[in-house]
Amino acid sequence: MSKLFPTILSQVKAPPIKCQGIKTKLIPFIAQNIEWNGDGRWIEPFLGSGSVLFNLKPPIALVSDTNKHIITFYNELKSGKINEAIVRDYLCQMGKKLTKRGEKFYYEVRDEFNEKGGSLEFLFLNRSCFNGLMRFNSDGKYNVPFGHKPQRFSKSYITKIVNQVAWVRSLIKRYDWEFIVSDFRMTLKTAKQNDFVYLDPPYIGRHTDYFNSWDDSDAEEMVRCVKQLPCGYAISMWQENKYRKNEHIDKFWLTETIQHFNHFYHVGSTENLRNEIIEALIIRNGYSSISQLVSTKRSEKEIALFEIPTA
Ligand SMILES: C[S@@+](CC[C@H](N)C(=O)[O-])C[C@H]1O[C@@H](n2cnc3c(N)ncnc32)[C@H](O)[C@@H]1O
């Protein structure tokens with residue numbers, strides 16, 4: 001029987017929505033390391049930007065997030081309420097106003113969005129805010145400051161976003177994907193034997209970044225729910241950097257298969273200032289493409305295979 005994964009992905013594309021923790025760099029690694037025939041549903045309870053779903057393209061999927069703005073955005077692409085032509089017109093108009101009125105205009109749109117919502121406003125804020133962040137306060141209000149680029153929506157930037165929207169809309173039309181607002185606990189309850197669950201939870205200990213908080217008790221509850229799943233799963237989690245090690249992995253996941261991906265990010269302009277981070281992909285035993293029960297830290301040579309230099 002043919003298998004959907006493992007597979008080699010030669011190209012990874014970026015989705016129209018940005019969020020911290022986006023897994024663009026790790027997608028080929030995920031595709032290469034999991035084993036699943038694709039008979040059931042791809043379940044992704046922490047969808048975020050959707051980068052993993054859109055690049056892996058499973059035929060049937062149930063994807064969810066507690067962030068209603070993300071889910072509404074993709075559902076409106078699905079229903080046709082918004083499309084690439086609407087996005088182009090909207091961003092052209094908004095871009096002109098932003099050029100003219102600068103940050104005052106950004107904050108007006110942000111206030112209006114926090115009152116009434118709106119997928120186009122969400123996209124505008126997400127693509128003009130500081131560092132493409134997705135951050136909400138404890139009342140669920142978007143609170144990222146302006147990115148200080150009034151000329152942000154150049155012709156080429158708008159075309160880039162429009163192409164990302166067109167790409168995602170074509171996928172949503174082609175595949176059987178359901179997008180729902182849901183807490184991970186509810187989504188996981190629906191999993192069946194042939195499904196495969198990919199989890200990319202928020203970083204433990206960081207409370208303010210996402211639509212709702214995430215702490216040790218959520219992380220431990222996720223462990224309980226995941227260990228009861230009737231199907232395969234893989235979980236993305238940071239493993240260690242120069243300063244810290246993720247103790248959650250040692251505490252809960254050493255019995256499963258763990259593959260490591262090593263990448264670097266720059267904190268300054270010179271080579272000396274590059275920092276290394278090791279990401280873990282925890283894969284349920286029996287669902288890893290590399291047949292080993294418990295893989296310990298990869299050798300430097302193996303790690304180098306997956307290293308992607310940062311531009
Ligand atoms: C690390 S991000 C996922 C990033 C995604 N893999 C990507 O590539 O863009 C984690 C996501 O989990 C969502 N989230 C936080 N708490 C949640 C919960 N209790 N249930 C479901 N989703 C939650 C956040 O809104 C956020 O979008």
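Which side chain does a polar contact of 3.3 Å join to that of His263? The partner is Glu279; a polar contact is a pair of N or O atoms within 3.5 Å, where within protein one must be able to donate a hydrogen and the other to accept it, and residues adjacent in sequence count only if both atoms are side-chain atoms.

The model is predicted, so local features need pLDDT of at least 70 and side-chain atom pairs count only at pLDDT 80 or more, while totals for chains, interfaces and linings use all residues. Residues are numbered from 1 along each chain as its sequence is written, and side-chain values use heavy atoms, with hydrogens and water left out.

His263 belongs to strand β6 (residues 257–266); helices (H or I, at least four residues) and strands (E, at least two) are DSSP runs numbered from the N terminus. His263 is buried, with a relative accessible area of 10%, where buried means under 20% relative accessible area (1.4 Å probe, protein chains only). Apart from neighbours within four places in sequence, His263 is in contact (heavy atoms within 4.5 Å) with Lys25, Leu26, Asn275, Glu276, Ile277 and Glu279.

**Ligand site**

| Protein atom | Ligand atom | Distance |
|---|---|---|
| Lys23, backbone N or O | oxygen | 2.8 Å |
| Ser51, polar side-chain atom | oxygen | 2.8 Å |
| Phe184, backbone N or O | nitrogen | 3.0 Å |

On its own the ligand has 610 Å² of accessible area, and the protein covers 99% of it; such areas come from the Shrake-Rupley method with a 1.4 Å probe.

**Covered elements**

Helix α5 (residues 119–128) is largely enclosed by the rest of the structure, because nine of its ten residues are buried. Among them are Leu120, Phe122, Asn126 and Arg127. The cover over the buried residues of α5 includes α3 (68–79), α4 (84–116) and α6 (155–174).

Strand β2 (residues 60–65) is also mostly covered, with five of its six residues buried. Strand β1 (residues 42–44) runs parallel to β2 and is joined to β2 by three bridges; two strands pair if DSSP finds at least two bridges between them. Within this pair, Trp42 stands opposite Ala61.

Conventions:
Buried < 20%, exposed > 50% of the residue type's maximum accessible area, 1.4 Å probe, protein only.
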